Amino acid sequence: MASKPNVWIVIPAYNEASKLAAILEGIRAVGFDQVVVVDDGSVDNTAAKAREYGAVVVRHAINRGAGAATETGLEYARRVQADIVVTFDGDGQHLFADIPAMIKPLLEHTADVVIGSRFLTPNPVPTLNRFYNRVAIWLTFALAGMWVSDSQSGMRAFNAKALQAIHFESSGYDFASELFAKMKVTKLRHAEVPISVVYDSYGRGKGQNFVQGAETVFRLIIKSLMR
Amino acid sequence: MVIHLLVPIFALFMILRQFSYYSHHERTWKELLFWLVFWGVVGFFGYEPSYLSNFSHLIGIRTGSNALFLFSILVLLYGFGRLTIIVDELENKLTQMVREDALRQIGMGR
């Protein structure tokens, strides 16, 4: 790795125009100016807003899901030969101030993948989300054999080795569990870093609802059994 | 009876398919083992239905027709699972096309 690592922030975004300005300004304020926003077929002006605030925009012609958008951002990072990539939710849930702590274990070469955990520090996570996460943690353990405190966190950091080793195939939210299965197979080292999150009324309307969560679980089990 | 031959032949066909999947890296060894045991059991009970009757009584299915009904449901579930996987693979191909197109639009295509 060069003395100054090539760090990219990847933001998968679907109809997040109202949130992007503050996110992009905040990320720049903490010292990161290389941001790629993957507009996942938004019907609002997400792409225009991201460009206006200096981000590279990769735009999916149609909506493909959170996993697909994240992988597109990672693929962009591979092609610009990024040393470190941090994925960051586009709904304003994450705090920019957590980014330096996320990349620290990668810079110190103590981990290849860093998971930003909402449950290692007190956070106002709604009860239902906590329940979903508990189910997801157990499912991840059953299917991938890895135990983490937050398997569904959207804030993750990868070094170049992890970036080359992990290619997400799942288009939907099941990519979160796919990550751990691939980390296990490729023997990547991981670390968990406590992060803070903001759950406003906007953020609560994003992510998976119960039915989508059940579909994700169903898909994971079918894939595990039959693929 | 014909069913004594049909079920084991079908099971044997499915077992051969599992090896084919495994050799094409479409199955892990754990999945291979699971399906070998599954279709092995199906083939065995098809060939020796008397054991199926004993087993049926043991788990509370009283008649052979009920066992056949249950087996049919399992086959349908298998078909449903395969269709889910096929649709998923098509979705993945579509995603790859959308991704490559998106990257090409900004001059980052391969």
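1. **Before you start.** This is a predicted model, in which local features need pLDDT of at least 70 and side-chain atom pairs count only at pLDDT 80 or more, while totals for chains, interfaces and linings use all residues. Residues are numbered from 1 along each chain as its sequence is written, and chains are lettered from A, with ligands numbered from 1, in the order in which they are written.

2. **The sheet.** Chain A has an open sheet of seven strands, in the order S3-S2-S1-S4-S6-S5-S7, with mixed pairing. Strand S3 (56–60) and strand S7 (190–194) of chain A are the edges, each pairing on one side only. From one strand to the next, the twist averages 20°. Here strands (E, at least two residues) and helices (H or I, at least four) are DSSP runs, numbered from the N terminus, and two strands pair if DSSP finds at least two bridges between them.

3. **Following the pairs.** In chain A, strand S1 (residues 7–13) runs parallel to strand S2 (residues 35–40), and five bridges join them. A:Pro12 stands opposite A:Val38 in S2(A). S1(A) is also parallel to S4(A), over four bridges; A:Val7 has A:Ile84 as its bridge partner in S4(A). Now try S6(A): four bridges pair S4(A) with S6(A) in the antiparallel sense, and A:Ile84 has A:Asn159 as its bridge partner there.

4. **A covered strand.** Are the residues on the two faces of S4(A) buried or exposed? A:Ile84 and A:Val86 on one side, and A:Val85 and A:Thr87 on the other, are all buried. A residue counts as buried if 20 or more other C-beta atoms lie within 10 Å of its own, exposed if 12 or fewer, and partly exposed in between, with C-beta atoms placed from the backbone.

5. Helix H2 (residues 29–47) of chain B has 19 residues and reaches 26 Å from its first C-alpha to its last, close to the 27 Å expected at 1.5 Å a residue (1.5 Å times one less than the number of residues). Its buried residues are B:Trp35, B:Trp39, B:Val42, B:Phe45 and B:Gly46. Seen down the axis of H2(B), these fall within an arc of 125° (taken from the directions from the helix axis to the C-beta atoms), so they line one face of the helix. On the other side of H2(B), B:Trp29, B:Lys30 and B:Val37 are exposed.

6. **Where the chains meet.** The contact takes 17 residues from chain B and 19 residues from chain A, where contact means C-beta atoms, placed from the backbone, within 7 Å.

Conventions. Axes are lines fitted to C-alpha atoms, for helices over the stretch in contact, and angles run from 0 to 180 degrees between N-to-C directions. Two residues are in contact if their C-beta atoms, placed from the backbone, lie within 7 Å.
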